[in-house]
Amino acid sequence: MRLDQFVATSSGLSRKEAKRAISAGRVRVHGAVFKSANSQVPENAEVTMGDEALTLPGSLYLMMNKPAGVISANNDSSQPTAVDLLPPELARQVHIAGRLDKDTTGLLLLTSDGQWSHQVTSPRRDCPKTYRVTLAEPLDEHACQALEQGVELNGEEKPTLPAQVLLRSATEIELTIREGRYHQVKRMLAAVGNHVMALHRQSVGDIVLDQTLAPGQYRSLTAQEIESVGEPG
Ligand code: URA
């Protein structure tokens, strides 16, 4: 696609205004100023105008404060899903980038950009996820150290990668992990003889759950939040 067309479509400027912004040197492709309106924009290029990342319409990036009781799926015939909480025109376009259990609350990312969600969830990208964990029993020092060093999960040979533990109170911790194994947090706590009573995701990478969102509410991610995880596709 030509650069002026890309800028116009993604920013809402007219083609003439887009050409003006390009020739004024306000548009960058992968960080380099492009002044030629008829340059071709490579697929998945990172295009910015001033501080704003430009993405073609159709690429949606949302955060939701997931309530308990909904599953992380696009549709399910028997159970309510997080995607059901979106208006139908958005629900049709997005998928979930990093699932949460039905009873887990907090930060859920939804997008229409498959490449971006791959970057969020890819084990190779090492994206840290922080959970507030309410425990059945106080966490002793020994268990805390074990979580920090890595524990063996039931049925798996490879121990978990080192995690960060912040003690909020005797039975509440903030746990940061860099993997996304099945029921990982609950199984990590089970591995140290404890039990998770409540689990709430606070952040994924630099994206922190917006405290103004009530359970079930959502908002668009900012350009900075989108770019903090990976380049939009
Ligand atoms: N770990 C879990 O056990 N459950 C979640 O929902 C997320 C991480």
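Reader: Which residues of helix α5 are called buried, and what makes them so?

Author: In α5, which spans residues 141-149, the buried residues are Ala143, Cys144 and Leu147. Buried means under 20% relative accessible area, exposed over 50% and partly exposed in between, with a 1.4 Å probe and protein chains only. Seen down the axis of α5, these residues fall within an arc of 100°, so they line one face of the helix; the arc is that of the directions from the helix axis to the C-beta atoms. The face turned away from this buried side carries the exposed residues Glu141, His142 and Gln149. Helices (H or I, at least four residues) and strands (E, at least two) are DSSP runs, numbered from the N terminus.

Author: A word on the source: this is a predicted model, in which local features need pLDDT of at least 70 and side-chain atom pairs count only at pLDDT 80 or more, while totals for chains, interfaces and linings use all residues. Residues are numbered from 1 along each chain as its sequence is written, and side-chain values use heavy atoms, with hydrogens and water left out.

Reader: What do the buried residues of α5 pack against?

Author: They pack against β9 (164-169), β10 (172-177) and α6 (184-191), where contact means heavy atoms within 4.5 Å.

Reader: Why is Arg181 called buried?

Author: Arg181, which lies in the loop between β10 and α6, has a relative accessible area of 16% and is therefore buried. The side chain of Arg181 also reaches the backbone oxygen of Pro159 at 2.9 Å. Not counting residues up to four places away in sequence, Arg181 touches Leu153, Glu156, Lys158, Pro159, Thr160 and Arg187.

Reader: Which atoms of Thr104 and Val185 lie by the ligand?

Author: A polar side-chain atom of Thr104 lies 2.8 Å from an oxygen atom of the ligand, and a backbone N or O atom of Val185 lies 3.1 Å from a nitrogen atom of the ligand. The protein covers 95% of the 240 Å² of accessible area that the ligand has on its own, areas that come from the Shrake-Rupley method with a 1.4 Å probe, where for residues only the protein chains shown count as cover.

How values were computed
A polar contact is a pair of N or O atoms within 3.5 Å; within protein, one must be able to donate a hydrogen and the other to accept it, and residues adjacent in sequence count only if both atoms are side-chain atoms.
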